[in-house]
Amino acid sequence: MMVFGLIALIAGAASALMFASIVSGALISLVLFYLAPLPLMVAAIGWGPLYASLGGIAAAIGLGAIFGLPYCLAFAVTVALPAWWLGHLVLLGRHVENTTSATAVAAPAEPDIEWYPVGRILLWIAGFAALTTIAALLTLGSDAETITGTLRRGLMRILRAADPQASGEADQFIDALIHIAPAAAAIVSMMTLTLNLWLSAKVTATSGRLRRPWPDLKTAQLPAMTLAVLCIALAFCFTSGLLAIVAQIATAALMMAYALTGFAVLHTLTLALKSRAFWLSSTYAVVLVFGWPVIAMVILGLADAVFGVRERFLRNRQPPPLPTS
């Protein structure tokens with residue numbers, strides 16, 4: 001019992017310190033802030049979701065006592081809740097009976113475990129990214145005009161501090177930033193949550209505490225209904241007010257989910273290439289450096305969802321059946 005409490009409190013304390021480091025204003029604190037869910041996710045995957053829940057509650061209470069209720073709620077919604085639930089999903093599985101032939105009935109086969117699909121975990125990550133981004137925007141105001149006005153004043157202060165002689169062109173630049181800021185925040189949240197979950201799984205796998213086999217990430221596939229939800233969110237982007245902002249956030253998060261499945265498709269389509277490592281590393285480098293080529297991955301992920309690109313490719317790679325005599 002003492003070990004249980006110690007592990008949970010250490011994970012919660014580390015996560016809370018990383019989250020609170022943003023107060024310092026140092027550049028490295030931004031990295032620590034985005035990696036704040038990592039200790040709790042390691043605890044959830046390596047020891048169990050109960051460890052993450054206890055550590056998250058203790059950390060949220062501590063932050064609330066030191067910095068006030070807003071920090072407590074922000075940590076609980078953006079760090080503790082996703083870390084606990086995603087860690088729970090990673091370890092979620094169900095027993096599936098093995099199918100045995102009629103000749104192999106001497107001993108009963110032990111049931112296999114069907115683990116929670118990676119694609120559905122991606123969908124949950126997109127949901128958390130949208131939720132945390134919407135919650136952050138609602139702290140700025142309860143309607144679109146108030147939110148955009150607060151964003152404008154904040155960006156103007158930053159711009160004036162950097163360049164006191166900012167001209168009218170700066171206003172156009174700020175207007176553009178205000179329009180893309182909600183979607184950009186959702187994309188950043190989506191990518192950081194995905195990175196935290198991948199890192200925590202790698203840490204627990206390296207330490208030998210990962211209680212499920214490492215999934216084949218090339219097979220990651222979003223549920224079929226995701227495409228319909230994306231179309232609905234995309235349609236609402238052309239409305240106005242707060243609904244349009246929420247739709248833009250949801251669309252951006254789902255697009256990034258399809259971008260990640262696009263990378264999975266790319267890993268599948270390059271299986272036959274001798275220089276596969278070069279092409280994959282080059283693609284990742286181009287996307288990380290320039291950013292906008294991720295659109296190609298979104299298109300590839302959507303194409304796979306509509307046309308089954310991976311399934312067709314793998315079917316064509318299978319050897320032809322042997323002729324029957």
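Asp304 is buried, and Arg310 is buried as well, where buried stands for under 20% relative accessible area, exposed for over 50%, and partly exposed for what lies in between (1.4 Å probe, protein chains only). The side chains of these two residues, Asp304 and Arg310, meet in a salt bridge with an N to O distance of 2.8 Å, a salt bridge being a side-chain nitrogen of Lys or Arg within 4 Å of a carboxyl oxygen of Asp or Glu. The model is a predicted one, in which local features need pLDDT of at least 70 and side-chain atom pairs count only at pLDDT 80 or more, while totals for chains, interfaces and linings use all residues. Residues are numbered from 1 along each chain as its sequence is written, and side-chain values use heavy atoms, with hydrogens and water left out.

**Salt bridges**

- Side chains of opposite charge can pair when their charged atoms come close.
- By the rule given above, the count comes to five salt bridges.
- Arg152 and Asp175 form a salt bridge through their side chains, at 2.5 Å from N to O; Arg152 lies in helix α7 (residues 144-162) and Asp175 in helix α8 (residues 168-206), so the pair ties together parts that are 23 residues apart in sequence. Helices are DSSP runs (H or I, at least four residues), numbered from the N terminus.
- Arg152 counts as partly exposed, at 36% relative accessibility, and Asp175 counts as partly exposed at 27%.
- Asp216 and Lys218 form a salt bridge in which the closest N and O atoms are 3.1 Å apart; Asp216 is partly exposed, with a relative accessible area of 39%, and Lys218 is partly exposed, with 24%.

**Nonpolar cores**

- The largest nonpolar core has 54 residues, and those with the most contacts inside it are Phe75, Leu86, Ile121, Ile125, Met190 and Leu197; such a core is a set of buried Ala, Val, Leu, Ile, Met, Phe, Trp, Tyr and Cys residues joined through side-chain atoms within 4.5 Å.
- Helix α10 (residues 241-269) supplies the largest share of this core, ten residues.
- Another core, of twelve residues, lies apart from it and includes Leu137, Met156, Ile178 and Ile249.
- Once its neighbours within four places in sequence are left aside, Ile121 is in contact (heavy atoms within 4.5 Å) with Leu86, Leu89, Val90, Tyr116 and Leu197.

**Val42 in helix α3**

- Val42 lies in helix α3 (residues 37-46) and counts as buried, at 17% relative accessibility.
- Not counting residues up to four places away in sequence, Val42 touches Trp47, Ser200, Val203 and Thr204.
- Val42 and Pro70 are 28 residues apart along the chain, and their C-alpha atoms are separated by 25 Å.

**Surface patch**

- Ile22, Val23, Leu27, Leu30, Tyr34, Ile66, Phe67 and Val188 form a nonpolar patch on the surface, with about 730 Å² of accessible area together.
- Helices α2 (27-34) and α4 (49-67) each supply at least two residues of the patch, and the largest share, three residues, comes from α2.
- Ile66 has its place in helix α4 and is exposed, with a relative accessible area of 64%.
- Patches are made of residues with over 30% relative accessible area and no salt bridge, like charges being joined within 9 Å and nonpolar side chains (Val, Leu, Ile, Met, Phe, Trp, Tyr) within 5 Å; accessible areas come from the Shrake-Rupley method with a 1.4 Å probe, and for residues only the protein chains shown count as cover.
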